[in-house]
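Biologist: Please show me the sequence and the model. Then we can go through the ring contacts together.

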Amino acid sequence: MAPARFVAGMLLAAIGCVLSVAADNPTTPSPQPFVWQKAHATFYGGADASDTMGGACGYGNLFSEGYRTRTAALSTVLFNDGAACGQCYKLACDRKHADPLFCKPGVTVTVTATNFCPPNDVLPNDNGGWCNPPRPHFDMAQPAWEKIGVYKGGIIPVMYQRVPCVKRGGVRFIINGHEYFNLVLVSNVAAAGSIESMDVKTSDSDEWIPMARNWGANWHSLANLTGKMLSFRLTNSDGHTLVFNDVVPKGWNFGQSFASKLQF
């Protein structure tokens, strides 16, 4: 019996040791996966999506900026005053609630948020006021919408979820504005897609200057940065931070675009 008691004692000691280590080193919970949620989707912009250019995020020409026809305007509750600009969403027709004549089941499409779908208070939420709060709604570029819906349907119920954005190349910056008002458009952001905060630093200073969201994906600073070599520090909506050292060379001019080699 002694050997049995000895083995049992050793097992209890080992278990206690493991429990002690686990208590001293708690595991970090893994991030929760994005869940499927319900919404509705319409379309705009024409068969070639040419009328989707510009938009409330400020990306301008969506073709040259790499977003092409896989874009959407978000309703108020999703757009979040521009904080959602650049985020990516996977959508599928909700075949359980859609008219089967207008639904393409088993197909998904991924779009980037590039615009705002404004509310229409004159119309009821369930009859024309599709983007009224608190409705989650996607007004998609027509080519993207037609991946999951039939044109004659006009509007379909959908299931959607946030997904990581996949982009080619690094994050890009376009500087507009004038002296003492620098407006920087941040585009081509992978992973979370959206930016939570932004700072700027000149080559002749060690101080990071906070920037503020002006509109959409545009951030501004009231400091005199004209012509100076600039670095940017971005934190995305997942809390990850990247520093783009000297991404803007000395002697730059307003209206210029600068492509980095870094990506989230």
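**Aromatic pairs and charges over rings**

Modeller: A search of the whole structure finds ten aromatic pairs. This is a predicted model, where local features need pLDDT of at least 70, side-chain atom pairs count only at pLDDT 80 or more, and totals for chains, interfaces and linings use all residues. Residues are numbered from 1 along each chain as its sequence is written, and side-chain values use heavy atoms, with hydrogens and water left out.

Biologist: What kind of aromatic pair do Phe43 and Trp145 form?

Modeller: Rings of Phe, Tyr and Trp (its six-membered ring) pair if their centres lie within 6.5 Å; planes under 30 degrees apart count as stacked, over 60 as edge-to-face and the rest as tilted. Phe43 and Trp145 are 4.7 Å centre to centre, with 50 degrees between the planes. The pair is tilted.

Biologist: Why is the pair of Phe138 and Tyr160 edge-to-face?

Modeller: The ring centres of Phe138 and Tyr160 are 5.0 Å apart. The pair is edge-to-face because the planes stand at 65 degrees.

Biologist: Is Tyr160 buried or exposed?

Modeller: Buried means under 20% relative accessible area, exposed over 50%, partly exposed in between (1.4 Å probe, protein chains only). Tyr160 has 5% relative accessibility, so Tyr160 counts as buried.

Biologist: Which ring has the charged end of Arg68 over it?

Modeller: A charge sits over a ring if NZ of Lys or CZ of Arg is within 6 Å of the ring centre and within 35 degrees of the ring normal. The charged end of Arg68 sits 5.7 Å from the centre of its ring. That ring belongs to Phe63.
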